[in-house]
Amino acid sequence: MSAMNNNISFVADTFNNGNTSIYLASQKDNLKAQNIQIDSCVFTDFRASAAVVNDIENMMFRFNKLMSHANDFIADATQFYNISGVSEIGANEIVLSNSTSKIRNAIVVRNASFEDINPLSIVNNSISLTGTTKASKTYGIDVDSSNFVNIYYNTILINIASSNTSSRNLFVGKANTNVVVRNNNLDNQCGGYAYYVEGDGSQ
């Protein structure tokens, strides 16, 4: 959907195959769509992204299962760009396996604008990225150009090529402010970084 759509819910739906399962880009005349809920859905064998969510105020992405096992170019299993308001990315299970040559990233957040009283919560997600790829970028959670983000209680496993030193379980870019990271379980089994902060001003 690419229009001014408010108050949309996807609840307990199943999305199988396809390039991008859900695509929402709703900014019009510098206004954002409001109140988007993607809850308890199942996404299987998507070839690019399960969900791309752009320009939304008040967005909930929770309790979803995302699984793709083919060797496809899954640049970002989920993308959240320019979101704000009261929002959460929580309690999702993301499993991307069998990659031999392709980039695999699970949760990517860009240009998220929040306030200290209502930060973006990225919490209780379970992420597994496995295969033999030596692709230059394989990230579990990737946050940049955002402010007031809480990243708590996530479990992230990366088990790909043994020499993939560029992999990151949790990446916090240099253009962030007020990012708080606590109590995450980060397991990088391929020589990369469990937790990588690009700049001192990120947190």
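Strand S10 (residues 93-99) and strand S13 (residues 126-131) pair in the parallel sense over 5 bridges, where strands are DSSP runs (E, at least two residues) numbered from the N terminus and two strands count as paired if DSSP finds at least two bridges between them. Within this pairing, Ile94 has Ile127 of S13 as its bridge partner. The structure is a predicted model, in which local features need pLDDT of at least 70 and side-chain atom pairs count only at pLDDT 80 or more, whereas totals for chains, interfaces and linings use all residues. Residues are numbered from 1 along each chain as its sequence is written, and side-chain values use heavy atoms, with hydrogens and water left out.

Strands S10 and S13 belong to an open sheet of 7 strands, which has the order S2-S5-S7-S10-S13-S16-S19 and parallel pairing. Strand S2 (14-16) and S19 stand at the edges with a single partner strand each, so one side of each is left without a neighbour in the sheet. Direction ignored, neighbouring strands of this sheet are turned against each other by 5° on average, the axes being lines fitted to C-alpha atoms and the angles running from 0 to 180 degrees between N-to-C directions.

Side chains of opposite charge can pair when their charged atoms come close. With a salt bridge taken as a side-chain nitrogen of Lys or Arg within 4 Å of a carboxyl oxygen of Asp or Glu, the count comes to 2 salt bridges. One of them joins the side chains of Asp39 and Arg62, at 3.9 Å from N to O. Asp39 lies in strand S4 (residues 33-39) and Arg62 in strand S6 (residues 49-62), so the pair ties together parts that are 23 residues apart in sequence. Asp39 is buried, at a relative accessible area of 9%, while Arg62 is partly exposed at 23%; buried means under 20% relative accessible area, exposed over 50%, and partly exposed in between (1.4 Å probe, protein chains only).

A salt bridge is also formed by Arg110 and Asp142, whose closest N and O atoms are 3.0 Å apart. This pair links distant parts of the chain, with Arg110 in strand S11 (residues 107-110) and Asp142 in strand S14 (residues 139-144), 32 residues apart. Arg110 is buried at 18% relative accessible area, and Asp142 is buried at 0%.

Positive phi values were also found in loops. Asp45, which is not a glycine, has a positive phi of about 50°; Asp45 lies in the loop between strand S5 (42-44) and S6 and is partly exposed at 30% relative accessibility. Asn183 has a positive phi near 55°, lies in the loop between strand S18 (177-182) and strand S19 (185-188), and counts as exposed at 55% relative accessibility.

Notes: Helices (H or I, at least four residues) and strands (E, at least two) are DSSP runs, numbered from the N terminus.
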